[in-house]
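Welcome! Please take a moment to look over the sequence and the 3D view, and then we will walk through them together.

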Amino acid sequence: MTKNTGKTGLGRRDFLKGAALASAGAGAGLTVAAGATPALAAVAGPLSRAADLPKPSGQRVIVVGGGWSGLTMSKYLKKNNPKFDVVMIEPNSTFFSCPLSNLWLGDVVDLDLLLHSYTDAAKNNGYTWLQGMLVQLDREKRRAFTTAGYIDYDYIVLSPGIDYNYASLGVKDPAEAIRVAQSYPAGFKPGSEHLSIKAKLDDFEEGVFLLNVPTGNYRCLPGPYERACLIASYFKREGIKGKVVLLDPNEKPTIKADGFLAAFKELHKDHLEYRTAVNITGVDVDKKKVVTEFGEVEFADAALYPRVRAARIIQDLGLADPKSPQMEGKIDNFKYTVPGDDHTYIAGDARPMPFSKSGNTANTEAHIVSKMIAARAQGKDVPWESPNTICYSMVDGEGKQSIMVDAKYKFTKGKGWGFTDVKLIEKRSKQLGKANIEWGKGLYRDMFS
Amino acid sequence: MTRETDRRGFMKLCGKTAVAAAVAGAAVRSATAPAFALDNPPRARLVTADGKPLMASRLPMHANWIFHYPYESTPVLLIRVEDPAPAMDVEDRDGKAYTWPGGVGPGGSIVAYAAICAHALSYDSKETSFLNYRRKRNEMSGHGRVITCCAHASVYDPAAGARVLAGPAKFPLAAVLLEHDEKTDELFATGIAGSELYKEFFKAYRKDLRKEFGRSKYRKRVEGDVTAMPVSGYSEDAIEC
C-alpha cells in the first residue's frame, strides 16, 4: 500500500511530541542516576546486528522476495552455480499463489493448490529462507539491512513485486485509501486480500458485485476479465440473483479480447455486464458506490483494483526510475543491473520493461537472470534472452474451459519493446482448461520441488 | 535380434541413397556411447490390449500410442514417424552428449520416449495426457509432426532423439530403447537413454500414482509383456493444443 502516513501522521507527530517530553524526563533521570544504570540506546533493533546465518559457504547472493521471480531465482542461482550461498528474504510464512487464484475464488479448485511451503522450497533446493523484510541497503559496503538482521552479500536481486496506488482511483486521502483497501481489497497481492474476497462471495446474496480494470501495465492483464467470468459462473451455479459489473477504461479487453468477449456474450450475459471506456474517479465506501466520468455506479460489494506500481522499497532505496509513472526500477534492460552497479539486480514485476506482469514471465525471466548472475560471478557474460508469457484464462467456471496466449518480447531500435512469436488460442475448450491447471502445477513443481 | 542388426537390416531394406546411408553411418560412428540411464533395465515385449504381440508393421503411420516402462506407472509414447529416424547425438540435462540410436522397425520409423515432460514433469495419465505426438500443425507450437506438451508448450522432435524445438524445456525427453525382431515383427523395450526423471516423477506424483497403480506397485519395474495402445484409448483426454 502507498502513502500510509497523512492523517495517521498527525497522530504520529502528537505521539512524538509526547515521546520527546518523556525522553527529556528520562534524560534528567539518567543524569541523576549516572554511573549506577547503563545508558539505554535511544534506537535499537535488528538493523544493528548480523542476521542469524552461518558464515557464507561461497559468494553470497541475496534474493529479496519469495514470489514467482524470487523463488525461481533462488532455486536456479543455486543450480547454475552450486558454489553460491543463496539467502531468500520473504516476510510471508506461506506462499499463496496469485496465478490460479481466480479459479479458487470461482470454486473450481481447492485452496491447497495455491498454498506452498517456503521451508520445503529452500530445503529441496539448497538455499536459505530468512523470514523478514529488506529495509535498507548499503550498496557500497554490500550490506543489506533486514528485519531479521543485516547480511553482507556479493550480489543482491530485488524481486519485491508490486504495491497499489489508490490515488489512481481518485482516493488521495491516505486514511480513505486504507478504508478502500480494507473494505474492497483488490485481490492481486495474495493471500489476505483473496481470503476477504472469497468471504464476500460466500456471503453474497444479491445485487452488483463490482470489479474494474486498472490503467497502466497492471499485474495479470487478463486477471480482471477472468475473475469476472468465474464469479459470473459461480453466481449462475449458486442461483444468486446478482451480476458482476466490470468497469474497463479500455475499449475492449487488454488481452485475448475475442476469447473473453465471446465468453461474456455466449456464457455470462445474465450475470455479467461489461462496461468499456469507463474510468473510476472516486470511491464512496459508506454509500457503496464508485464515481466515474459517466456518473455513479452503486454496488452491493466490490473488489477494486488500483493502478499498480513497483513495490515501495524500490523507490525507498533510490532505485526507481523517476521517469517511470509506475515507479519501476531503473536497470539495464538487457542485464537487469542498476546503473553503475553490477552487484544489484531488479527482476519480476518491479522491472521497468513493459512485459506482462505475470507469474510465467517472472518465472522464465528468473531462469535467464539467474544464469546471467552465475556467469557474471565467473567473469563471463551470457546474452539476453526473452522471457516467455504463457498465460491461460479460464472463462467458464462450470465447463472449466480456458483460452490462452503464448508470447515473447523483442526490442526494436526506435520502436521500443513489442511482442513476438505470439500464439493465441481464443476458442475456449475443456482441454485448455485442463492445461490451465496443469500449467500452474508444473510451475509450482519448478519453484518448490 | 539386436538393435544394430536391425539398423543394418533397415539400411539394406530401405535402400535409400548411399549418401543417406553414409550420413547415418557417420552419425553412428561419431556418436558417444548411449547414456544408459538405468542399470539392468527390464526387457519387455510390447503387446496389444488382447495380449497378442504388437506387430511393428501393423503400428499405424503417425501412431500416438502409449505403454508403461521401465516402471509400472511411467508412461512412454510409442510413435511411428513418416520418414526414417536415423541415430544422432543429443545433449542431456548436463549438456553431455549421448547417442539416440534412432528408429527401429519398418523404415526405421518407430521411436519411443518417456511421456514425462523434461520441463516441469507434466505427464500422460489415464485422466489426461498432456504430451502427444500429432501429425498436424498444432496451434500452440506452430509445428507439425512433433511431440507437444500442452501445459507449457514445450515441443520435441520425435525423429531426432526428442531434441527440443521450442518452449521452456532445456533437454530432450528420455529415450526408450527399442528392439525390433525382424523374424517375428515383435517390438521390445530394452532400456532408457538420456535424462531420466523417475526420481523427481515419483516424488511429484506419489499420491496420484499410488491411487492409480497401487501403493507399492507404481514403482515396481515391469516384467514380461507390457500393453501398448493408442493414447486416445488410454486417456480420457488426449490434449490438443
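## A walk through chains A and B

Let us begin with chain A, whose domain assignment gives domain 1 (48-161 + 311-385) and domain 2 (167-306); domain bounds of this kind come from an automatic or database domain assignment. This is a predicted model, in which local features need pLDDT of at least 70 and side-chain atom pairs count only at pLDDT 80 or more, while totals for chains, interfaces and linings use all residues. Residues are numbered from 1 along each chain as its sequence is written, and chains are lettered from A and ligands numbered from 1 in the order in which they are written.

How far apart do the C-alpha centres of domain 1 and domain 2 of chain A lie? They are 30 Å apart. The contact between these domains takes 17 residues from domain 1 of chain A and 20 residues from domain 2 of chain A; two residues are in contact if their C-beta atoms, placed from the backbone, lie within 7 Å. On the domain 1 side, helix H3 (residues 101-105) of chain A gives the most, with four residues. Helices (H or I, at least four residues) and strands (E, at least two) are DSSP runs, numbered from the N terminus. The residues on that side of domain 1 of chain A divide into seven nonpolar, seven polar and three charged. Here Ala, Val, Leu, Ile, Met, Phe, Trp, Tyr, Cys and Pro count as nonpolar, Asp, Glu, Lys and Arg as charged, and the others, Gly among them, as polar.

Now find the helix H7 (residues 223-238) of chain A. Its 16 residues reach 22 Å from the first C-alpha to the last, close to the 22 Å expected at 1.5 Å a residue; the expected span is 1.5 Å times one less than the number of residues. H7(A) is mostly covered, with 13 of its 16 residues buried. A residue is buried if 20 or more other C-beta atoms lie within 10 Å of its own, exposed if 12 or fewer, and partly exposed in between, with C-beta atoms placed from the backbone. After H7(A) comes A:Gly239, which has a positive phi near 65°.

Chain A also holds an open sheet of three strands in the order S21-S22-S23, with antiparallel pairing. Two strands pair if DSSP finds at least two bridges between them. At the edges are strand S21 (388-396) and strand S23 (416-429) of chain A, each pairing on one side only. On average, neighbouring strands of this sheet are turned by 20° against each other, direction ignored. Strand S22 (residues 401-412) of chain A pairs with S23(A) over nine bridges in the antiparallel sense, and A:Thr412 stands opposite A:Gly416 in S23(A). Helix H8 (residues 257-267) of chain A packs on the sheet, touching S21, S22 and S23 of chain A, and its direction makes about 5° with that of S21(A). Helix H11 (residues 430-448) of chain A likewise packs on the sheet and touches S21, S22 and S23 of chain A, but the direction of H11 makes about 60° with that of S22(A). For these angles, axes are lines fitted to C-alpha atoms, for helices over the stretch in contact, and angles run from 0 to 180 degrees between N-to-C directions.

Let us move to chain B. There are four helices and 16 strands in chain B, and buried residues make up 48% of its 241 residues. Where chain B touches chain A, the contact takes 21 residues from chain B and 17 residues from chain A. Helix H3 (residues 198-213) of chain B gives the most to the chain B side, with three residues.

For a closer look, where is B:Ser141? B:Ser141 sits in the loop between strand S8 (131-134) and strand S9 (146-149) of chain B. B:Ser141 counts as buried because it has 23 C-beta neighbours inside 10 Å. Leaving out residues up to four places away in sequence, B:Ser141 touches B:Val146, B:Thr148, B:Ala153, B:Val155 and B:Ala166.

We finish with some backbone details. Most residues other than glycine have a negative phi, and most peptide bonds are trans. B:Leu121, however, has a positive phi near 70°, and a cis peptide bond joins B:Tyr69 and B:Pro70, with omega about -5°.
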